Amino acid sequence: MHGELKHEDVEAARRDLTDRTLAKIRGDLPRLIYLASMRDYNTGEYHHEGLACMFTQSVAGNAIASCHRDVFRRLVLCSVKELVEQLDLHARTNCSSSSDLVRVWEKLQPYRIAVPLECSSLAARFFATNVRAALTILQARQLRAHQEELSALPSP
């Protein structure tokens, strides 16, 4: 049957997405942001032209959703220390500075919309709490580093 969604096709699309794209993105947090960016916020459906051309739109969407859930699950289970490292890596890779990332993420809270649609509200709240804690730790590190720089300056 042509319209039937086959598990093998979804797995093949997952492997393709993982091997060709996600493997090149350093860290699960940037992967989560990337996967969430492929979701239409009005419909909750995922879109990826390349995967849809190789498979079907339905298979591609299911593969992306599956990868999104897996990456989110890993992040929910990681420690706050690991999350701080993920945020720092993400900032160094994608932002002008980690202080910019902290400032913007505290204001816009993009981690809230990066949560997969099918996740429980408890997991979403737990993740948001851990990200906020990691942002606070990263901000404290930045402040400490700035104070150390200032104290290293020669006295007038």
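What should helix α5 span at 1.5 Å a residue, and how far apart are its end C-alpha atoms? Select residues 80–94: the 15 residues of helix α5 should span 21 Å, and the end C-alpha atoms are 21 Å apart, which agrees. The expected span here is 1.5 Å times one less than the number of residues. Helices (H or I, at least four residues) and strands (E, at least two) are DSSP runs, numbered from the N terminus.

Before going further, two notes on what you are looking at. This is a predicted model, in which local features need pLDDT of at least 70 and side-chain atom pairs count only at pLDDT 80 or more, while totals for chains, interfaces and linings use all residues. Residues are numbered from 1 along each chain as its sequence is written, and side-chain values use heavy atoms, with hydrogens and water left out.

**The whole chain**

Zoom out now. The protein has 7 helices and 0 strands, and its C-alpha trace spans about 80 × 30 × 25 Å along the principal axes. Of its 156 residues, 38% count as buried (buried is under 20% relative accessible area, exposed over 50%, partly exposed in between, with a 1.4 Å probe and protein chains only). Among contacts with a separation of 6 or more, 70% join residues 24 or more positions apart (contact means heavy atoms within 4.5 Å).

**Back to α5**

Show side chains on α5 and pick out L83, V84, Q86, L87, L89, H90 and A91, which are its buried residues. Their cover includes α2 (28–37), α4 (57–77), α6 (98–108) and α7 (121–152).

**The core**

Next, select L32, L35, L75, L87, W105, F127 and L135. Of the 41 residues in the largest nonpolar core, these touch the most other members. Such a core is a set of buried Ala, Val, Leu, Ile, Met, Phe, Trp, Tyr and Cys residues joined through side-chain atoms within 4.5 Å. Helix α4 gives the most to this core, with 10 residues.

Centre on L135. Leaving out residues up to four places away in sequence, L135 touches L87, L101, V102, W105, E106 and Y111.

**Two aromatic pairs**

How many aromatic pairs does a search of the whole structure find? The search finds 2, taking rings of Phe, Tyr and Trp (its six-membered ring) as paired if their centres lie within 6.5 Å; planes under 30 degrees apart count as stacked, over 60 as edge-to-face and the rest as tilted. Select F72 and F127: this pair is edge-to-face, 5.1 Å centre to centre with 65° between the planes. F72 lies in helix α4 and F127 in helix α7, so the pair ties together parts that are 55 residues apart in sequence. Then select W105 and Y111, a tilted pair at 6.0 Å centre to centre with 35° between the planes. W105 is buried at 7% relative accessibility, and Y111 is buried at 2%.

**H68 and the cysteines**

Move to H68 in helix α4. H68 counts as buried, at 0% relative accessibility. Beyond its neighbours within four places in sequence, H68 is in contact with L32, L35, A36, R39, Y46, A114, V115 and P116.

Last stop: C53 and C67. The count of disulfides is 0, a disulfide being a pair of cysteine sulfur atoms within 2.5 Å. For C53, the nearest cysteine sulfur is that of C67, 18 Å away. C53 is exposed at 66% relative accessibility, whereas C67 is buried at 3%. The sulfur of C67 is 16 Å from the closest cysteine sulfur, in C119, too far for a bond.
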